[in-house]
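Okay, hi everyone, thanks for coming. I've got one model to walk you through today, so let me put it up on the screen.

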Amino acid sequence: MTTKSVCSVNHIDHVGVAVKDIDEALKFFQEVFGAPAAEIQSLPDQGVRATLIEVGQTRLELLEPLSDDSPVGRFIERRGEGLHHLALNVSGLAGNLKKLEEHGVGLVDREPREGLSGMIAFLHPRSTFGVLTELVEN
Ligand code: ZN
C-alpha cells in the first residue's frame with residue numbers, strides 16, 4: 001500500500017453477481033460451496049433483492065432485479081447473468097470520493113449512501129476499465 005495513492009484499499013469487500021433467481025443461486029452456493037445461511041433483503045430503491053454470503057475469504061453479493069427496467073434488470077438483459085461489480089473496502093469513504101473526483105475518476109454516487117454492506121458509493125465503469133466498482137465502508 002502506497003501513501004501516495006489517491007484512495008487506499010483495505011481489501012476486496014465482496015463481488016457482486018447478477019442473477020435471475022436469487023433463491024436458486026443462494027441454494028446453489030450453499031449446497032455446492034458451503035455458504036452459510038443468509039437473509040435475502042428487498043432493496044426497492046436499488047431495484048433488487050440481494051444477499052451477502054460468505055464464500056471462502058471473501059463475500060459474494062447476489063443481486064436479483066425487481067423489474068426488467070431496473071439497473072440490474074437492464075444489465076441482465078444486455079449481458080446475461082454474471083459478474084456485476086467489484087466492491088473494495090476503504091476507510092473514510094466520503095473523503096475518498098472527494099479525492100477521486102478531484103483526480104478525475106467518474107463517480108456514479110457523489111455521496112455515500114446506505115447499502116447492504118455498510119455505506120457505499122459506485123464509481124463509473126468508464127473510469128475503471130469497464131468494471132463497475134463499488135467502494136464500501138463498514
Ligand atoms: Zn455490492
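Let's begin with rings: how many aromatic pairs does the count come to? It comes to 3 aromatic pairs, and keep in mind that this is a predicted model. As a reminder, a pair of aromatic rings is described by the distance of the centres and the angle of the planes. Take Phe28 and Phe29: their ring centres sit 5.4 Å apart with the planes at 85°, so we call that pair edge-to-face. Ring pairs also bring in Phe33, and Phe28, Phe29 and Phe33 end up linked into a cluster. Phe28 is partly exposed, at 41% relative accessible area, whereas Phe29, at 15%, is buried.

Okay, on to the sheet. We have 8 strands in an open sheet with mixed pairing, and the order reads β2-β3-β4-β1-β5-β8-β7-β6. At the edges you find β2, residues 41-43, and β6, residues 113-115; each has a single partner strand, so one side of each is left without a neighbour in the sheet. From one strand to the next, the twist averages 35°.

Now look at β1, residues 11-18, and β5, residues 82-89. Those two pair in the antiparallel sense over 7 bridges, and Val15 stands opposite Leu86 in β5. Then there's helix α3, residues 93-102, which lies across β7 and β8 and runs at about 10° to β7.

In the loop between β5 and α3 you'll find Val90. Is Val90 buried or exposed? Buried, at 2% relative accessibility.

Last stop, the zinc ion. Which protein donors does it have? They are His14 and His85, both through NE2, plus Glu61 and Glu134 through OE, lying 2.0 to 2.1 Å from the zinc ion. His14 is in strand β1 and Glu134 in strand β8, so that pair ties together parts 120 residues apart in sequence. Both are buried: His14 has a relative accessible area of 0%, and Glu134 has 2%. Along the chain, the donors follow the spacing H-x46-E-x23-H-x48-E.

Terms used: Residues are numbered from 1 along each chain as its sequence is written. This is a predicted model: local features need pLDDT of at least 70, side-chain atom pairs count only at pLDDT 80 or more; totals for chains, interfaces and linings use all residues. Side-chain values use heavy atoms; hydrogens and water are left out. Two strands pair if DSSP finds at least two bridges between them. Helices (H or I, at least four residues) and strands (E, at least two) are DSSP runs, numbered from the N terminus. Axes are lines fitted to C-alpha atoms, for helices over the stretch in contact, and angles run from 0 to 180 degrees between N-to-C directions. Contact means heavy atoms within 4.5 Å. Rings of Phe, Tyr and Trp (its six-membered ring) pair if their centres lie within 6.5 Å; planes under 30 degrees apart count as stacked, over 60 as edge-to-face and the rest as tilted. Buried means under 20% relative accessible area, exposed over 50%, partly exposed in between (1.4 Å probe, protein chains only). Donors are N, O and S atoms within 2.8 Å of the metal (3.2 Å for Na, K and Ca); water is not among the atoms, so sites may look incomplete.
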